[in-house]
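Me: I would like to learn how to read salt bridges in a model. Please start from the criterion and then go to the case at hand.

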Amino acid sequence: MKYLPGSLRCIRNGLWQARYTYQEVDNDGTVRKKQKARNFHAETQKEAIAEKERIREELEREALLKEMTPKKIVPKTLQGDLRPHR
């Protein structure tokens with residue numbers, strides 16, 4: 001998953017918001033664009049830009065770990081046991 005560089009805005013004195021767009025592919029192959037936003041405190045715009053980049057790198061690492069982690073697979077023999085009993 002790749003996050004775009006993101007946008008940055010000052011909400012009010014010292015409170016900033018970074019917003020990132022990324023694409024997610026559903027199980028049926030549909031590509032959807034989604035966004036994530038993070039609020040943080042910074043004294044200057046230069047500090048805010050650096051924090052925005054740090055957050056984007058953190059989101060990229062989380063996405064990479066999610067891709068590398070195997071999905072839980074339930075064997076077909078157990079799938080029938082997961083249905084509610086009547």
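Reply: A salt bridge is a side-chain nitrogen of Lys or Arg within 4 Å of a carboxyl oxygen of Asp or Glu. The model is predicted, so local features need pLDDT of at least 70, side-chain atom pairs count only at pLDDT 80 or more, and totals for chains, interfaces and linings use all residues. Residues are numbered from 1 along each chain as its sequence is written, and side-chain values use heavy atoms, with hydrogens and water left out.

Me: How many salt bridges does this rule give?

Reply: The count is six. One of them joins E60 and R56, at 4.0 Å from N to O. R56 also pairs with E53, at 3.5 Å.

Me: Where do E60 and R56 lie?

Reply: Helices (H or I, at least four residues) and strands (E, at least two) are DSSP runs, numbered from the N terminus. E60 and R56 are both in helix α1, four residues apart, about one turn of the helix. R56 and E53 are three residues apart in helix α1 (residues 45-68), again about one helical turn. A network of salt bridges links K52, E53, R56 and E60.

Me: Is E60 buried or exposed?

Reply: Buried means under 20% relative accessible area, exposed over 50%, and partly exposed in between (1.4 Å probe, protein chains only). E60, at 16%, is buried, while E53, at 28%, is partly exposed.

Me: Which residue forms a salt bridge with K34?

Reply: E24 does, with the closest N and O atoms 2.9 Å apart. K34 lies in strand β3 (residues 31-41) and E24 in strand β2 (residues 15-25), so the pair ties together parts 10 residues apart in sequence. K34 is partly exposed at 31%, and E24 is partly exposed at 21%.
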